[in-house]
Amino acid sequence: MRVVGLSAEDDFEGWRDAARALAAARVPPSEIVWQVGDQPVDLFGDEAVPQSTAHPFRVPRAFLDLAQAVILHSDPQRFALLYTLLAGLIEQPKRIEDRADPLVRRLEEKAKAVHRDIHKMRAFVRFREIEDDSGARYVAWFEPEHHIVRANARFFADRFANMRWSILTPELSIHWDGAALAEGPGATKAEAPAGDPIEDVWKTYYASIFNPARLKTGAMLKEMPRKYWKNMPETALVKELVAGARQRETAMVQTARTAMGGNIAGAWEKLRDEAMGCTRCHLYRHASQTVFGEGPVDARMMFVGEQPGDQEDLAGHPFVGPAGQMFNRAIAEAGIERAGVYVTNAVKHFKFEQRGKRRIHSKPDAGEISACRWWYEQERLLIRPEMTVALGATAARQILGKAATITAMRGRALELAEGGLGWVTIHPSFLLRMPDRERAAEEYAMFVEDLKGAAKTLSS
Ligand code: SF4
């Protein structure tokens, strides 16, 4: 029996190096015991991890990505499960792509749970202010489900670079002094301050960004489990905020814009830069780049398409492909100045199927639309359009927050939950796909009429 000692629960490098050597020596999974920390290591024998790499092998990059996440899971079996898959990949490298493989599925579920926990920590850590010899220090308590604290530390160092802070968790504590990260032992909740000056800051912040139109209790409970509520000062506000929901809409947007110091163009650039690194859904993996919206930040009209196409993906600009050219022609005929409107897409990465050398457009699904809604909402918050025109069903779903039928919705003003008016029409690519040119001409005329209707409603 080989006993491998790992230095910590999240010791990916230790596991990787040992697993690589063991797999190269073709040691079967059943002959390895994985242990963490100071546990006794002599219960099962004392054969050392082999140093030889007599049978070198390569593993797919996807396996390493999976392993890096799964190592952070709290399941004690994770090291052995990963090694079992690694040993299997030596014979069958394609196994990692087999979504029906029970072991691959099981490990992917674990990776997802880890990613969810990382997201929860980022979303729900709340600092309390205390005073120490050097002045203000911010301390937060968090109880993760998995071993994610060390992996998340850099995120907080970047986000709160100008504060001195500590995050206490049962497993370990992370400290930032404004220049470097340091680790300390785990803590108990009783060691975390219960004070509240910064709660006021959070409450003010939360009240300013609270969006009553998006309040869905089921979704909120899912994303914000009750376990975390006690750490979050803003939860006390929810009842009060819901009560005054509608009246708060205008003030909410105004507050957010004021908080940006009136520099909407600067805030928009920052937002676009952030979107360039977005990994909220898997679509970023194969597309060339994020294609963010474009246009004046004080535009009164916003047009929302489905997603960038092949040409937009390569150019990095929306509405520049064949459908975009048809759109330009149609809005010109409708008397709308192209340079005065903001154009964006419901989904900001190109989704496609590779067929030979061709990349064939593939429709985004509800999960991808929902993941990308965050960017659309941020754009709306900044641009604050009086009229938002959805081009096609995907865009309609994004602006309305639910599935919509074009024929039932088109050609009339709709009140949007976030404020402003909405208008639904077809996507110009629909016209390009129509084989019957006569029918296409009729549809094009109706499209122009829809656009005229939206412009007229805006000016009335
Ligand atoms: Fe992010 Fe949207 Fe791209 Fe998904 S499609 S990765 S949510 S920008």
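Q: Which residues in H2 meet Leu107, Glu108, Lys110, Ala111, Val114 and His115 in H4?
A: This is a predicted model, where local features need pLDDT of at least 70, side-chain atom pairs count only at pLDDT 80 or more, and totals for chains, interfaces and linings use all residues. Residues are numbered from 1 along each chain as its sequence is written, and side-chain values use heavy atoms, leaving out hydrogens and water. Contact means heavy atoms within 4.5 Å. On the H2 side, the residues that meet those of H4 are Leu66, Ala69 and Val70.

Q: Are H2 and H4 parallel or oblique to each other?
A: Helix H2 (residues 61-70) and helix H4 (residues 102-124) pack with axes 8 Å apart, at an angle of about 55°. Angles under 35 degrees count as roughly parallel, over 145 as roughly antiparallel, 65 to 115 as roughly perpendicular and the rest as oblique. H2 and H4 are therefore oblique.

Q: Is cysteine 372 buried or exposed?
A: Buried means under 20% relative accessible area, exposed over 50%, and partly exposed in between (1.4 Å probe, protein chains only). Cysteine 372 has 9% relative accessibility, so it counts as buried.

Q: How many disulfides does a search of the whole structure find?
A: A disulfide is counted when a pair of cysteine sulfur atoms lies within 2.5 Å. Searching the whole structure gives a total of zero.

Q: Where does arginine 410 lie?
A: Arginine 410 is buried, at a relative accessible area of 17%. Beyond its neighbours within four places in sequence, its contacts include Glu443 and Asp450. Arginine 410 lies in the loop between helix H16 (406-409) and strand E13 (414-415).

Definitions and conventions. Axes fitted to C-alpha atoms, helices over the stretch in contact; angles between N-to-C directions. Helix = DSSP H or I, 4+ residues; strand = E, 2+ residues; numbered from the N terminus.
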